[in-house]
Amino acid sequence: MADDADLRQPDLYINRELSLLEFNRRVLEQARDAENPLLERLKFLCISSTNLDEFFEVRAAGLVQKAELGSMATGPDNLAPAEALRAIGETAHELVAEQYRTLNEELLPALEAESIHFIRRGEWTPEQERWLREYFESELAPVISPLGLDPAHPFPRILNKSLNFLVSLEGKDAFGRSSGVAVVQAPRALPRLIRLPPEATGSGPHEFVFLSSVIHAYVADLFPGMQVSGCYQFRVTRNSDLFVDTEEVDDLLLAVEGELASRRYGDAVRLEMADNAPPVMVDYLREKFGLPEGAVYQVNGPVNLNRLMAMHELVDRPELKFAPFTPSQPRHLVQQEDVFDTLRQEDILLHHPFESFAPVVDFLRQSAADPQVLAIKQTLYRTGPESAVVDALVDAARAGKEVTVVVELRARFDVAENIALANRLQEAGAHVVYGVVGYKTHAKMILVVRRENGRLRHYVHLGTGNYHARTARLYTDYGLLTCDRAVGDDVHHLFLQLTSLGRAPQLKKLLQSPFTLHEALIERIEREAEEARAGRPARILAKVNSLVEPRIIQALYAASRAGVAIRLVVRGMCSLRPGLEGVSENIEVRSVIGRFLEHTRVFYFENGGDPEVFGSSADWMERNFFRRVETCFPFEDPALRRRVIAELETYLADNTQAWILQSDGTYRRARPAPGEEPFAAQRHLLESLAEKS
């Protein structure tokens with residue numbers, strides 16, 4: 001049985017935080033992969049840095065809080081918070097060292113070879129130095145406020161992830177003060193990369209200087225009459241997870257707005273500092289932020305690698321980037337302009353980014369303009385600041401449609417944008433609600449109610465990803481458009497549940513968190529185990545972003561013992577250990593890392609030869625099963641179901657961008673066997689589904 005005591009042994013589980021760091025290691029490997037275009041490699045380096053920032057802001061910060069409270073609470077791996085933090089520190093320091101080694105020893109020389117230069121201070125020509133001094137005096141000095149530290153000027157509040165400089169000084173100022181230390185904060189509005197103009201400096205077309213280099217060069221100008229004996233860049237990462245006590249909140253919007261403002265100054269969890277800073281200066285900052293020695297990361301380069309992401313747009317070199325493509329559109333939608341007529345004939349499946357997100361926007365636009373449409377209801381988790389989806393909803397509300405939007409205010413790192421769009425929708429006359437207090441609304445669904453021949457018909461979109469046009473070009477996701485009556489009824493009841501009060505409805509086809517999804521998946525896993533014990537073919541395929549929920553893992557272990565063939569594609573965190581004798585030797589776990597961020601959640605169950613295939617907004621995590629509102633929807637059209645299965649098999653055949661999880665928690669990159677052709681799933685889908693431009 002899945003709940004056998006021996007399936008709960010801690011050594012059967014990989015620590016989730018360490019697993020997440022291993023994902024970041026795989027992303028960093030993309031920066032080292034010479035098969036990727038050079039500017040894309042630089043972009044992967046930036047992504048690995050951004051991922052690590054978020055890891056410290058949320059995952060590590062949460063563990064720090066638990067450790068400070070003396071908590072001994074552990075996950076299924078039985079690693080206490082303090083123990084986990086020690087292991088995280090070792091791995092994170094390795095990762096950071098590898099990031100800067102990759103930058104300095106691999107990417108910068110490769111960029112130099114392509115005539116893309118980052119000019120160091122010691123290499124500036126007289127013309128460049130003259131222009132940069134003028135730039136400093138006219139553009140930088142007027143907006144920088146150096147802060148000398150003394151009893152009247154205490155150590156300033158340092159904004160989360162901002163660029164700062166610790167300056168050591170000698171001498172006395174006009175008032176006879178001499179604290180010896182000052183802080184210079186670089187405003188976020190300042191560009192971190194400065195392009196040298198060829199006409200003024202004689203530089204090449206792609207020659208840049210870091211903002212930090214310019215401030216270093218002329219920092220003495222900010223302290224007239226004083227002598228600068230040292231200048232060291234630093235950055236602090238703070239706890240950025242939103243905390244809202246839902247039992248004490250009367251107005252969720254006001255509570256989230258207040259918490260958002262304070263989040264920028266949460267408790268410090270990491271200090272990054274220049275590697276040439278002397279120990280006394282490092283200790284000074286470390287003590288100011290109340291950090292242990294292991295939380296200090298001294299680096300050989302800019303303290304914020306993320307800002308190098310701008311290079312992708314600043315350098316117009318198409319040959320150093322991924323080839324552009326145009327997402328295709330299903331031929332049925334191209335041939336027939338009326339989306340409602342098309343959906344009455346057949347369901348439409350969209351696989352982004354290989355297929356366009358435009359049909360989803362068109363579906364909303366047609367609904368907004370159609371006089372037969374009475375109501376539109378939609379969930380919004382992430383949409384972006386300028387959203388065609390929100391534009392269509394605003395148009396619908398202004399046209400007199402009944403528009404109801406469930407906005408999730410606590411979508412991590414998108415809170416401010418979601419508050420703004422909620423206000424905009426309300427101003428247009430839409431009904432805006434914030435879901436159910438205590439549960440994030442993570443479901444992706446649209447319901448359009450249309451009057452046809454004297455009756456109401458429901459048209460539905462269900463997705464595995466967000467209604468965000470930009471990420472639809474970067475993330476892989478499925479979207480299903482249908483007018484199936486039972487599905488429409490289910491979505492209608494889900495919206496009533498989110499906007500009104502009442503008990504959870506009995507759904508006909510959809511599975512839902514926090515009520516039915518978890519148990520339904522356990523039942524299906526156990527059903528496959530029963531099939532295997534009876535000697536019949538049994539197989540489970542699943543593609544998720546994270547797999548950490550203990551009961552699901554225990555059920556998979558039990559199914560493996562029974563002989564079920566289990567193949568999992570898990571992009572990020574995975575606590576399951578595959579390949580353990582007597583436990584998981586029938587389980588393979590792979591992670592695919594490539595041009596696009598894998599985001600689809602798809603589940604396949606053999607079901608005695610009558611396969612069940614689902615798409616879902618939910619990962620296999622406790623929060624998705626028990627603390628979020630999620631949907632899981634079946635692919636019932638035989639042709640669409642066959643297509644989804646074939647695309648799942650495509651990921652299982654990847655032998656170039658796949659990484660195979662080992663039982664010790666490390667990953668081994670898949671390579672073609674002797675005589676085998678290289679095969680990359682994303683490249684194959686791009687070639688088969690997208691249009692080349």
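Modeller: The account below takes the strands group by group and ends with one arginine. The model is predicted, so local features need pLDDT of at least 70 and side-chain atom pairs count only at pLDDT 80 or more, whereas totals for chains, interfaces and linings use all residues. Residues are numbered from 1 along each chain as its sequence is written, and side-chain values use heavy atoms, with hydrogens and water left out.

Strand β13 covers residues 402-407; helices (H or I, at least four residues) and strands (E, at least two) are DSSP runs, numbered from the N terminus. Five of the six residues of β13 are buried, so the strand is largely enclosed by the rest of the structure. Buried means under 20% relative accessible area, exposed over 50%, and partly exposed in between, with a 1.4 Å probe and protein chains only. Strand β12 (residues 373-380) pairs with β13 in the parallel sense over six bridges; two strands pair if DSSP finds at least two bridges between them. Within this pairing, K377 lies opposite T404 of β13. Together with helix α13 (residues 388-398), β12 and β13 form a right-handed β-α-β unit. Right-handed here means that, with the strands pointing away from the viewer, the path from the first strand over the helix to the second runs clockwise. β13 also pairs in the parallel sense with strand β14 (residues 431-433), over three bridges, and V406 stands opposite V433 in β14.

Strand β4 (residues 181-185) has four of its five residues buried, so it too is largely enclosed by the rest of the structure. Strand β3 (residues 164-170) pairs with β4 in the antiparallel sense through five bridges, with V181 of β4 as the bridge partner of S168. Strand β2 (residues 147-148) is joined to β4 by two bridges, and these strands run antiparallel; G148 is opposite A182 in β4.

β1 runs parallel to strand β6 (residues 207-210), joined by two bridges, and H117 is opposite E207 in β6.

Finally, R238 belongs to strand β7 (residues 227-238). R238 is buried yet has no salt bridge, and the nearest side chain of opposite charge, D267, is 6.2 Å away. A salt bridge requires a side-chain nitrogen of Lys or Arg within 4 Å of a carboxyl oxygen of Asp or Glu; for charge, Lys and Arg count as positive and Asp and Glu as negative, while His and the chain ends are not counted. The R238 side chain does reach the backbone oxygen of I158, at 2.8 Å.

Definitions and conventions
A polar contact is a pair of N or O atoms within 3.5 Å; within protein, one must be able to donate a hydrogen and the other to accept it, and residues adjacent in sequence count only if both atoms are side-chain atoms.
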